[in-house]
Amino acid sequence: METGEDDLCQNNWGSASILDYEMAMEDEEEGEPNLHVFKASSSGKDNNNNNNGGQASVQGVKAQAWDPRTMLCNLSFMEQKIHELQGLVHLILGRNGQLQDEQQQLITADLTSIIIQLISTAGSLLPSVNMLSTTAPGSALFPFPREANNLASQTLNNGGASQELEDDAEEGENLPPGSYEIKQLEKEEILAPHTNFCTICGKGFKRDANLRMHMRGHGDQYKTPAALAKPPTKETLPGSDAPMLIKRYSCPFPGCKRNKDHKRFQPLKTILCVKNHYKRTHCDKSFTCSRCHTKKFSVIADLKTHEKHCGQNKWLCSCGTTFSRKDKLFGHIALFQGHTPAIPLEDTKPSAAASSQRGSSGCGNSNNNAAMVSFSLGSAANANQETSQPCVMDGKTSFEESFSPLSFDICNFGGFPRSIFDDSFQMLISSACGCSPINGGVGSVSDTSL
Amino acid sequence: MKKAKQIQHMISKPFDLLSEELVFIILDLVAQNPSDLKSFSLTCKWFYQVEARHRRSLKPLRAEYLPRILTRYRNTADLDLSFCPRVTDYALSVVGCLSGPTLRSVDLSRSFSFSAAGLLRLAVKCVSLVEIDLSNATEMRDAAAAVVAEAKSLERLKLGRCKKLTDMGIGCIAVGCRKLKRVSLKWCVGVGDLGVGLLAVKCKDIRSLDLSYLPITGKCLHDVLKLQHLEELLLQGCFGVDDDSLKSLTHHCNSLKNLDASSCQNLTQRGLTSLLSGAGCLERLDLAHSSSVISLDFASSLNKVSSALQSIRLDGCAVTCDGLKAIGTLCISLREVSLSKCVTVTDEGLSCLVMKLKDLRKLDITCCRKLTGVSITQVASSCPLLVSLKMESCSLVSRDAFWLIGHKCRLLEELDFTDNEIDDEGLKSISSCRSLSSLKLGICLNITDRGLSYIGMGCSNLRELDLYRSVGITDVGISSIAQGCCHLETINISYCKDITDKSLVSLSKCSMLQTFESRGCPHITCQGLAAIAVRCKRLSKLDLKKCPFINDSGLLTLAHFSQGLKQISVSETGVTDVGLVSLANIGCLQNIAAVNTRGLSPSGVAAALVGCGGLRKVKLHASLRSLLPSSLINHMEARGCSFLWKDYNNHNNSNTLQAELDPKYWKV
């Protein structure tokens with residue numbers, strides 16, 4: 001099951017990025033007109049300075065009643081913030097001679113953002129002040145980019161889809177307990193929809209890149225290449241010569257295996273892992289699949305991933321569980337007493353029979369490669385006749401090929417025969433329309449032809 | 001006075017004194033001849049009832065009568081519906097309702113037109129159903145298999161040629177029927193590794209598993225060979241089972257006794273070694289038509305199983321002399337060896353093989369054309385216990401060798417000398433094998449009536465005699481056989497051109513006669529046929545093709561007397577519509593062949609087809625296809641009858657028959 005979850009994470013991750021991006025774009029369009037209130041930029045310094053800022057502030061905001069624990073936490077945060085500010089000033093002092101205008105501007109902007117943050121945090125410390133919900137976008141009270149997701153989106157921007165983002169990827173990591181720094185975000189922080197906020201208008205964004213794009217509307221100073229540049233990471237940041245302590249995250253849910261108080265605590269690697277873990281494990285599954293109306297998810301990316309494959313899970317067990325792969329279903333049935341394969345009602349249709357053949361002929365290949373799948377699908381229709389004849393089956397490929405060329409038109413996803421088909425199609429279109437396709441690529445033609 | 005009356009009453013009904021158990025024991029003995037049992041039940045009402053209570057197994061001819069016969073026979077345990085081509089869901093629900101609790105086995109292997117609904121009735125009502133045969137249900141789908149899974153107590157299941165079944169259906173059966181012991185999935189080409197694997201995981205009691213012609217690989221065999229009680233594993237024609245998929249196989253299936261890996265084209269010595277590695281108690285091994293050469297190396301892979309191996313089949317394999325020698329020295333306990341169609345077998349190879357096999361009982365060297373008298377002499381002298389010897393078309397074997405066979409191997413029961421050089425002296429020596437029951441002397445041109453008379457005198461247990469195209473035989477030889485071999489059940493005198501009605505009259509003494517083939521005997525008439533029909537009550541198969549003097553009167557006699565006839569061929573005879581229609585009187589009739597029978601008109605054929613209710617196969621001339629109404633053909637096909645349309649033309653009837661009878665014409 002471990003690997004299965006990993007796969008899931010992987011998929012979620014991929015689609016999550018797309019989804020986030022789309023949502024952020026939407027936000028941007030709406031938020032364009034608000035060009036006042038605060039003047040600040042979200043440069044790379046924020047990442048350093050606001051490490052715990054978001055956490056504390058959200059907590060403060062959300063505190064509905066006077067909570068001494070929260071209070072204490074906030075105070076300690078303030079302390080830390082001031083300390084950081086101190087360090088920053090030291091930094092400025094140290095390299096005052098060689099400071100360029102741009103850099104100065106950057107640092108000033110950072111200082112401004114820190115001060116604003118401090119003010120807002122201090123304000124939240126007053127128990128009587130009932131703040132607006134963090135989910136309300138456009139609130140000018142939270143004009144700071146919250147570091148938590150900032151970091152996450154940064155890794156996202158780096159294109160590291162596969163790097164250390166899975167909840168359970170670090171199972172085999174075995175870091176010695178003291179060798180890393182444990183951070184624990186609070187529930188509200190984890191569930192906040194946006195992590196980057198415009199310091200001027202307060203609009204929230206999921207990614208800092210989108211925020212930077214947004215900031216261009218607030219003045220020419222945000223259009224400089226430096227302002228638009230990707231904020232440097234800690235390693236590349238000048239001055240951070242001391243080796244970084246590895247950061248790991250803890251789930252705020254008491255008793256969870258991912259909670260640092262757990263006996264066999266297993267830390268989460270990134271903020272995104274924290275978010276996905278928390279939503280999947282400790283939240284209601286509020287997203288229902290619009291196709292099957294049975295599967296529910298708490299992470300919207302999971303839903304999207306599911307919806308892509310929903311309906312393709314034709315391998316059904318009597319217990320109601322569906323599987324996209326026949327061997328998985330049979331493994332499930334072998335494991336559980338009393339479960340039996342459920343025969344679909346449309347069994348009488350020939351197409352269903354052909355598709356149910358698919359697994360039997362394709363069961364040899366365990367890799368989930370699309371080309372292979374389409375191959376076995378192709379063989380499905382004539383598997384009946386084929387098996388009765390002797391055929392050369394030295395290897396898997398020859399097995400597939402000996403069955404092949406009949407029914408590609410039935411199932412032409414992912415397999416290469418499609419491209420041949422498209423090539424001819426392309427010529428046909430170009431001759432008919434009198435113009436050549438823009439990209440000339442196979443993909444674009446197939447889009448138009450569809 | 002009253003007491004005396006009572007005694008008198010009891011004497012008048014003496015069977016009242018017997019308990020039912022005793023009567024049943026008597027009936028067990030009577031039941032050996034079905035017609036006797038029929039006479040018994042017709043004697044009186046009481047006998048009728050006793051017989052109805054006694055009968056356990058039924059083999060009805062028509063599904064329409066099921067309600068009546070099942071009401072009569074309440075204790076039916078075995079129901080064989082293979083004579084009923086059309087078994088509807090209604091019929092199955094009748095079976096379920098009337099004999100639900102007692103029924104233990106149902107055979108639906110040759111029945112069609114039932115669906116999942118009918119099977120469900122059967123599975124639910126027949127709680128003690130142990131065996132079901134659903135072979136040839138080619139339209140059966142997974143839904144029906146899921147229904148079969150409802151029969152929880154099922155132990156024996158046959159699903160041969162259920163081509164539309166997939167892993168899902170087998171999965172249902174595997175989960176539902178946990179007590180399965182014998183399963184046949186032959187030709188279920190939709191079932192793969194997953195289904196078979198699940199079957200092996202779920203049904204731990206499996207004794208016998210037939211996976212022939214399934215698209216499985218070696219993968220599922222890992223699970224299958226973990227079965228504790230597996231005795232028989234048939235993998236005939238499993239092309240997906242190859243060396244690579246068996247590479248990691250390690251098993252200790254000590255219960256395995258019978259392994260059939262014939263026609264596994266991709267299984268070579270390497271895969272076979274791992275397959276045999278754990279099967280230390282293997283007794284029967286079938287490697288017919290395998291792709292590997294049976295060499296010295298190959299024989300070494302038999303090392304693990306050599307101690308217990310009793311039977312080996314290497315039909316159609318490329319066999320080397322060294323390989324046979326090694327097998328002969330390794331597997332001393334061999335009792336059965338089959339080398340049929342191994343064209344490379346030489347005298348030296350066979351001699352080395354049989355040298356140490358003192359226990360050899362059965363030897364098949366059909367079509368090993370290189371063999372001569374040398375190796376046959378060796379076989380005769382080293383294997384005195386030989387029971388069966390099949391050596392069709394070993395035409396280089398000299399006449400002396402046959403004499404030695406009869407002299408040395410006195411226990412022989414089955415002999416196939418088709419197309420050999422055996423002569424009367426050889427037959428004389430063979431006649432000393434008292435227990436001989438099957439003798440095939442087809443195309444033995446050297447034998448005459450004298451040789452047959454020795455057989456007739458010596459082999460009183462003979463049940464099967466084949467004299468196909470043995471043209472030296474006349475009425476004299478046949479009459480001596482008929483006199484001496486009163487148990488004769490099957491005789492073939494096709495193309496023995498000198499046979500006349502006298503032979504048939506003498507053969508009518510053999511009351512056990514079931515199969516009579518006299519194709520191409522030009523002198524046979526209806527008188528001879530009448531003699532057979534009247535006295536051989538068990539006659540079931542009759543081939544009268546190319547007997548020009550057979551006409552309607554012969555068929556009328558048959559229709560009256562041979563009520564057990566199942567198969568008849570009247571092609572190229574003088575039969576007309578009247579004779580064919582009269583065949584409708586025979587209830588059991590299933591196969592009719594009437595090609596090139598000039599006296600037949602389309603309407604006569606149509607009437608005969610409608611009349612014969614139990615027809616399964618009809619062979620007719622292709623020209624009739626357009627002449628018969630298509631609605632009739634559809635009707636027949638719906639009744640479960642299939643048509644074979646032949647369109648060979650017969651220009652000059654008498655000349656071709658003459659040509660066929662001349663050995664120079666047909667023997668190359």
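Tutor: Before the surface numbers, one definition: accessible areas here come from the Shrake-Rupley method with a 1.4 Å probe. Keep in mind as well that this is a predicted model. On that basis, chain A exposes about 23,500 Å², with carbon and sulfur atoms supplying 58% of it.

Chain A has 450 residues, of which 44% count as buried, and its secondary structure comes to 18 helices and eight strands. Among its contacts with a separation of 6 or more, 63% are between residues 24 or more positions apart. In chain A, helix α8, residues 208-215, is mostly covered, with six of its eight residues buried. Those six are Asp208(A), Asn210(A), Leu211(A), Arg212(A), His214(A) and Met215(A). Chain A also has a salt bridge between the side chains of Asp327(A) and Arg325(A), at 2.9 Å from N to O. Asp327(A) is partly exposed at a relative accessible area of 33%, and Arg325(A) is partly exposed too, at 22%.

Now for chain B, which will get the close look. Chain B has 29 helices and 24 strands, and 56% of its 668 residues count as buried. Of its contacts between residues at least 6 apart in sequence, 73% join residues at least 24 apart.

The part I'd zoom in on is a helix pair. Two packed helices are described by the angle between their axes and the distance between the axes. For α9(B), residues 167-176, and α10(B), residues 193-202, the axes come within 8 Å and cross at roughly 5 degrees. Angles under 35 degrees count as roughly parallel, and α9(B) and α10(B) are therefore roughly parallel to each other. So who touches whom? On the α9(B) side you'll find Asp167(B), Ile170(B), Gly171(B), Ala174(B) and Val175(B), and they meet Leu194(B), Gly195(B), Leu198(B), Leu199(B) and Lys202(B) of α10(B). Sorted by class, this contact has six nonpolar, two polar and two charged residues.

Glu139(B) and Lys164(B) form a salt bridge, with their closest N and O atoms 2.9 Å apart. Glu139(B) sits in the loop between β4 (131-133) and α8 (142-148) of chain B, while Lys164(B) belongs to the loop between β5 (156-158) and α9, so this is a link between distant parts of the chain, 25 residues apart. As for cover, Glu139(B) is exposed with a relative accessible area of 58%, whereas Lys164(B) is partly exposed at 26%.

Further along, Glu336(B) pairs with Arg284(B) in a salt bridge whose closest N and O atoms are 3.4 Å apart. Glu336(B) lies in strand β12 (residues 336-338) and Arg284(B) in strand β10 (residues 284-286), so the pair ties together parts of chain B that are 52 residues apart in sequence. Both ends count as partly exposed: Glu336(B) has 22% relative accessibility, and Arg284(B) has 36%. Chain B also holds a network, in which salt bridges that share partners join Asp243(B), Asp244(B), Lys247(B) and Arg270(B). Over all chains, the search of the whole structure turns up 28 salt bridges.

Last, some backbone details. Most residues other than glycine have a negative phi, and most peptide bonds are trans. Ser113(B) has a positive phi of about 60 degrees, and you'll find this serine in the loop between β3 (105-107) and α7 (116-125) of chain B. Ser393(B) likewise has a positive phi, near 60 degrees, in the loop between β14 (388-390) and α17 (399-408). What about their cover? Ser113(B) is partly exposed at 37% relative accessibility, while Ser393(B), at 5%, counts as buried.

Methods. Residues numbered from 1 in each chain as written. Chains lettered and ligands numbered in written order. Predicted model: local features only at pLDDT ≥ 70, side-chain atom pairs only at ≥ 80, totals over all residues. Heavy atoms only, no water. Helix = DSSP H or I, 4+ residues; strand = E, 2+ residues; numbered from the N terminus. Buried < 20%, exposed > 50% of the residue type's maximum accessible area, 1.4 Å probe, protein only. Contact = heavy atoms within 4.5 Å. Axes fitted to C-alpha atoms, helices over the stretch in contact; angles between N-to-C directions. Parallel < 35°, antiparallel > 145°, perpendicular 65-115°, else oblique. Nonpolar A, V, L, I, M, F, W, Y, C, P; charged D, E, K, R; others polar. Salt bridge = Lys/Arg side-chain N within 4 Å of Asp/Glu carboxyl O.
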